[in-house]
Amino acid sequence: MSGAPALDVEVRRVGIDDPLAEPLVRELTEEYVRRYGPEAHEEMTRYPADSWTAPHGLLLLLLEGGEPVAGGAYKRYDERTAEVKRMWTASAHRRRGLARRVLAELERAAAGAGYDRIFLTTGPRQPEARGLYLAAGYTPLFDVDADPLTIGPLPFEKPLL
């Protein structure tokens, strides 16, 4: 199914403990560990579950045929800023524009919750994420010409209109 456009995709808000969120948590943890080593496992347990709930946060999934294929979350960063976290697309469903759709849904929801700015960081070993955020109009808060491995986490921001 890789490369196929997203046809009938449902957007669903869930809690991090919802069984539908399990593939996101599991696959994202595996991906982080593959790219950054065993200590990356800590990133997935770094924030309390209520970080991703209203009124200050949100976790959403894209479901296709009732199965989660992509997802992401935001949490409160400060009074006016939401921080995007947990962006994920199932490996069998990449290259279909699903991450861009998740990002757009998160931006829309954050603006609706009263935030006027989005902030996020991605890891230096995630060039596809870096490309997504640049293509989606995010401003890099780092030297884009520098070797990402010399920078560490790559921060981005975007105003919400």
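**A colleague's note on the predicted model**

1. Let us start with the charges: searching the whole structure turns up 17 salt bridges. A salt bridge here is a side-chain nitrogen of Lys or Arg within 4 Å of a carboxyl oxygen of Asp or Glu. Before you go on, please keep in mind that this is a predicted model, where local features need pLDDT of at least 70, side-chain atom pairs count only at pLDDT 80 or more, and totals for chains, interfaces and linings use all residues. Residues are numbered from 1 along each chain as its sequence is written, and side-chain values use heavy atoms, with hydrogens and water left out.

2. Helices (H or I, at least four residues) and strands (E, at least two) are DSSP runs, numbered from the N terminus. Is Glu31 buried or exposed? Glu31 counts as buried, because its relative accessibility is 11%, while Arg35 is partly exposed at a relative accessible area of 21%. The cut-offs are these: buried means under 20% relative accessible area, exposed over 50%, and partly exposed in between, with a 1.4 Å probe and protein chains only.

3. Next, find Arg117 and Glu157, a salt bridge with its closest N and O atoms 2.8 Å apart. This pair links distant parts of the chain, since Arg117 sits in strand β5 and Glu157 in strand β7, 40 residues apart. Arg117 counts as buried because its relative accessibility is 14%, whereas Glu157, at 25%, counts as partly exposed.

4. Glu83 and Lys85 also form a salt bridge, and here the closest N and O atoms are 4.0 Å apart. Both Glu83 and Lys85 are buried. Which residues do salt bridges with shared partners join into one network? They are Glu43, Arg46, Lys75, Glu83, Lys85 and Arg86.

5. Now for the empty space. Rolling a probe the size of a water molecule over the atoms shows where such space is left. The largest pocket holds about 1100 Å³ of space. On a 1 Å grid over the protein atoms alone, a pocket is an open set of points where a 1.4 Å probe fits, with protein on both sides within 12 Å along at least five of seven lines; lining residues have an atom within 4 Å of a point. Grid points are joined across faces, edges and corners, and the volume is the space filled by probe spheres set on the points.

6. Who lines the largest pocket? Its lining has 40 residues, and those nearest the centre are Tyr32, Met87, Thr122, Gln126 and Ala129. Two or more lining residues come from each of α1 (22-36), β4 (81-89), α2 (98-112), β5 (117-122) and α3 (127-135). β4 contributes the most, with seven residues. Sorted by class, the lining has 17 nonpolar, nine polar and 14 charged residues. For this sorting, Ala, Val, Leu, Ile, Met, Phe, Trp, Tyr, Cys and Pro count as nonpolar, Asp, Glu, Lys and Arg as charged, and the others, Gly among them, as polar.

7. You will find Gln126 in the loop between β5 and α3, and it is buried, with a relative accessible area of 14%. Leaving out residues up to four places away in sequence, Gln126 touches Tyr32, Arg35 and Tyr36; contact means heavy atoms within 4.5 Å.

8. The largest nonpolar core has 28 residues, and Tyr74, Met87, Leu103, Leu106, Tyr133 and Tyr138 touch the most other members. A nonpolar core is a set of buried Ala, Val, Leu, Ile, Met, Phe, Trp, Tyr and Cys residues joined through side-chain atoms within 4.5 Å. α2 gives the most to this core, with six residues. Not counting residues up to four places away in sequence, Leu103 touches Val84, Met87, Leu132, Tyr133, Ala136 and Tyr138. There is also a second, separate core of 18 residues, including Ile16, Trp52, Trp88 and Ala90.

9. Finally, compare two other residues. Arg101 is in helix α2 and counts as partly exposed, at 32% relative accessibility. Beyond its neighbours within four places in sequence, Arg101 is in contact with Val9, Val11 and Leu62. Pro19 lies in the loop between β1 (9-13) and α1 and counts as exposed, at 68% relative accessibility.
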